[in-house]
Amino acid sequence: MKERTSPEIQRIPLEQLCLSVLGMGWTDVIGVLSKTLSPPKVEALERAIQTLKDVGALNGDNLSALGRHMSALPADLRCSKLMVLGSVFGCLSITITIASIIAVKSPFLSPPDKRDAAAEARKQFSNGSGDLLTDAKAFDTWNALRSEKGLSAARRWCDEVNLECYFI
């Protein structure tokens, strides 16, 4: 094991860092980040900037409207774009739920000995549009029940539908 860990700037995804630098009004991202105590490699910064262009956060070397909004959110690139677009299209609540699932993990556990039962239980929330929407629908159901009847009712619900919920 190393005596010291490498600096955080060399371990984190650089896209969000570059987006934050641009959001602060600096246009020479590589120049700014090259002056840090432990600068990331120029090639890694160039890849991060290209990724920002690919997702629509940059128009040329400047932040796009989408990029300005994304730079204000302390979230991973995918999640910040999802939440901004969710706001634009009027579906912010579900996009925040999905961004949380992406950032953390599914709110439902599937222990090896109960994997088949968990898969069967999740099917009741599926409309064939994928795991993220299935998990979001199940979470919304749980959350509505928790709001209406309390946490103990939500816990019982998880037991009844054979889902092991780690958010309770």
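Against which elements do the buried residues of α8 pack? This is a predicted model, in which local features need pLDDT of at least 70, side-chain atom pairs count only at pLDDT 80 or more, and totals for chains, interfaces and linings use all residues. Residues are numbered from 1 along each chain as its sequence is written, and side-chain values use heavy atoms, without hydrogens and water.

Helix α8 covers residues 131-149; helices here are DSSP runs of H or I with at least four residues, strands are runs of E with at least two, and both are numbered from the N terminus. Its 19 residues reach 27 Å from first to last C-alpha, close to the 27 Å expected (1.5 Å times one less than the number of residues). Thr134, Asp135, Ala136, Ala138, Trp142 and Leu145 are the buried residues of α8, where buried means under 20% relative accessible area, exposed over 50% and partly exposed in between, with a 1.4 Å probe and protein chains only. They pack against α6 (92-103), β3 (108-109), α7 (115-123) and α9 (151-160), contact meaning heavy atoms within 4.5 Å. After α8 comes Gly150, with a positive phi near 100°.

The ring centres of Phe125 and Trp157 are 5.7 Å apart and their planes stand at 65°, so the pair is edge-to-face (centres within 6.5 Å, using the six-membered ring of Trp; planes under 30 degrees apart are stacked, over 60 edge-to-face, the rest tilted). Phe125 lies in the loop between α7 and α8 and Trp157 in helix α9, so the pair ties together parts 32 residues apart in sequence. Phe125 is buried at 7% relative accessible area, and Trp157 is buried at 11%.

Val88, in helix α5 (residues 77-88), is exposed at 59% relative accessibility.
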